[in-house]
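Hi,

Here is the structure I promised to pass on.

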Amino acid sequence: MDGSFSSKPTRKRRSQELEASHGINHTLESKKEKTLQDARSLDLLPIGEAPKKAAGVDRLSRLPDEILGTIVSLLSTRDATLMQVVSRLWCQIWRSTSLSLDMRAFSANENKRIIIAGKILAAHRGPIHHIVLVSYCLERCITTFEDWLKLPMLNNLSQLDFQFATRNTTADQEADMTYSLVLSLLRFSPTLQEVNLSRCCIRDDLITRPLHFPKLRKLNLHSVTASEGSLHAVISACPSLESLNINYTIGLPRLCIRSASLRSLCIGTTHGLKQEVIFQEIVVEDAPLLERLIPAFLDDGPTSIQVISAPRLQILGILPSFISRLEIGTAVIQEMPSVSMTMSVPTVKILVLQSVGPNLAAFVDLLKYFSCLEKMYIKLSLQPNVKNDLRNYHPGPVHCLEHHLKTIVLKRYQEKTSVVNFAKFFILNAKVLKVMTFGVRDIIHQNEKWMTNQRRRLQLHNKVSKEARFDFDSKYWCDYPESTKIDDFSISDPFDLSV
């Protein structure tokens, strides 16, 4: 829930504005002045114009209705509602234009959310291209949701979000209810482009149904109960799927991916219901367009990742230390961090890793596989009695350190000897390094004495790359980005927080 809806008076006021702006209650004259002031700050009215004594021309309202409708359709539910209070013209356009209906924008109270959404659906005359259905007591409103999803104004729905939970039901009853709503989305299969499911059930019964989602590009599954067979059936029915994000999936021991269109695969923390099913293996069997493989679990998850065919794979990680087998093409890395070199993976340009200890020797051995690596992010997890003594450490030639590695980010850098030595190795050996960033706490970032001491301990004056720059940045103390950034293909590096 947006933080701006945190106080009860604010929730009540905005709920009333939403109701009033849809013909539900037209007693908002006392609030119009406030709304007009908000609109004026967005340049909807000429600067200096009073709401009742026009001193200029409202050029925006002179645009053709088709253009105004397009503008309004791109706004969030809350912003579009506030905009159309400015004039009756905007009100009429909003009611007839394509609508994005997000229940999260209405009220913290579930009953009020359902009442407001129902009245908007009753008053709206145009199509709906995006709907977000939210309930934390689904048993009370499932019939209402099923009726809404049958409305003809949803016939061309392009984006659908389900966020469900129940209170006084068994696990089987909750699964029955959520699966019935999942089945209801099948009628939108010709037009859906993005689907986000949270706390839903996908049963094996789905395999027997005719499935085809020709336009679906993004599929996000969070806390979904599903088997490998049912997920494979869904993925196979999406010939245009570009982004697949799976997190906290229940009942999934293994996931096998075959997709001719997939570009980004993100697998988050995955667990079994009461741990009776443990997620053990990811297999990318055939993904000719896959660019990003993000197994973003650090605490638990599959111990084996096998990539049989992904010739365009460029971004790999976050790889945790407990992975026992990583296989990419003919390169096989077994029992990390103990590595036996066989073949390299030249396509990977960006690598994201967790190093426990940190263990420098194991980490450098791993880098030998990624001969053309240009950028790496390392999350450091400390263990006692680790030194990373450099005096007697001679790992031999590492191709990426000699020729390609230009950017290194150390997340959660601390002044422990093991971490300092770990970082110092790359300062003294990465020959084409351009930027090395140390993620530090914000309060430390302001401590010049501490910074000076770290520069001395890291021996920055002895850097092997004369072009190298070293930054201490509090942005990189935090965790990794959300999946919304990971599948943004307009960004070449989704882990770069400076973008």
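Strand β14 (residues 315-319) and β17 run parallel, joined by three bridges; strands count as paired here if DSSP finds at least two bridges between them. On β17, L351 is the bridge partner of L316. Moving on to strand β18 (residues 375-382), β17 runs parallel to that one as well, with eight bridges joining the two. L351 turns up again there, with M376 as its bridge partner in β18.

The elements are DSSP runs numbered from the N terminus: helices are H or I with at least four residues, strands are E with at least two. Residues are numbered from 1 along each chain as its sequence is written. Do keep in mind that this is a predicted model, where local features need pLDDT of at least 70, side-chain atom pairs count only at pLDDT 80 or more, and totals for chains, interfaces and linings use all residues, while side-chain values use heavy atoms, with hydrogens and water left out.

Back to β17 (residues 350-357): seven of its eight residues are buried, so the strand is largely enclosed by the rest of the structure. Buried means under 20% relative accessible area, exposed over 50%, partly exposed in between (1.4 Å probe, protein chains only).

Now the cysteines. Taking a disulfide as a pair of cysteine sulfur atoms within 2.5 Å, the count is zero. For C141, the nearest cysteine sulfur belongs to C137, 7.2 Å away. C141 counts as buried because its relative accessibility is 2%. C201 has its closest cysteine sulfur in C200, at 8.7 Å, which is too far for a bond. At 7% relative accessibility, C201 is buried too.

Cheers
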